[in-house]
Amino acid sequence: MTSWLSSASSRAVCVLTNNTTLISTHIARIFPEISELFDSAVYASAMFKAVKPERACYLSCVAAMDARPAETLFIDDAQVNVDGAERAGLAGYLYTGLDALRSFLKEEAGL
């Protein structure tokens, strides 16, 4: 069983974006749908003084979520960012479409 999967029952979900803190601070006005889904768990890489695919960016975000890299699944549509997450010790998944993601989550995590 994959490490990130073993903690699936206590999972937390967040957004990590390579944007300024202005985005994360005003996410409710800019993208209300994102705010509804993720509440306050929207992190701008600028908060961590690093950007994806830098190791520090992922590790800082994981720490902010009070999680552990080995128990974290990172999903992104850019291979370079998935590779960066994996180098930081997270499990990575390259997003290529909703159906593929649903299938992956169902097969890997029974979600």
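Is Tyr93 buried or exposed? Tyr93 is buried, with a relative accessible area of 12%. Buried here means under 20% relative accessible area, exposed over 50%, and partly exposed in between, with a 1.4 Å probe and protein chains only.

The model is predicted: local features need pLDDT of at least 70, side-chain atom pairs count only at pLDDT 80 or more, and totals for chains, interfaces and linings use all residues. Residues are numbered from 1 along each chain as its sequence is written, and side-chain values use heavy atoms, with hydrogens and water left out.

Start with the fold. The chain has seven helices and four strands. These are DSSP runs numbered from the N terminus: helices are H or I with at least four residues, strands E with at least two. From the N terminus on, the order is α-β-α-α-α-β-α-β-α-β-α. Buried residues make up 34% of the 111 residues. Take contacts (heavy atoms within 4.5 Å) between residues at least 6 apart in sequence: 49% of them join residues at least 24 apart.

Now the rings. Three aromatic pairs are counted. Rings of Phe, Tyr and Trp (its six-membered ring) pair if their centres lie within 6.5 Å; planes under 30 degrees apart count as stacked, over 60 as edge-to-face, and the rest as tilted. Tyr58 and Phe74 have ring centres 5.1 Å apart and planes at 80°, so this pair is edge-to-face. Tyr58 lies in helix 5 (residues 55-64) and Phe74 in strand 3 (residues 73-76), so the pair ties together parts 16 residues apart in sequence. Both Tyr58 and Phe74 are buried.

Tyr93 and Phe104 form a stacked pair, 4.3 Å centre to centre with 25° between the planes. Tyr93 sits in strand 4 (residues 91-94) and Phe104 in helix 7, 11 residues apart. Phe104 counts as buried because its relative accessibility is 18%.

Strand 3 also holds Asp76. At 9% relative accessibility, Asp76 counts as buried. Not counting residues up to four places away in sequence, Asp76 touches Lys52, Asn81, Val82, Tyr93, Leu94 and Tyr95. Its side chain makes a polar contact of 3.4 Å with the side chain of Asn81. Such a contact is a pair of N or O atoms within 3.5 Å; within protein, one must be able to donate a hydrogen and the other to accept it, and residues adjacent in sequence count only if both atoms are side-chain atoms.

Helix 7 (residues 98-109) contains Leu98. Leu98 counts as partly exposed because its relative accessibility is 42%.
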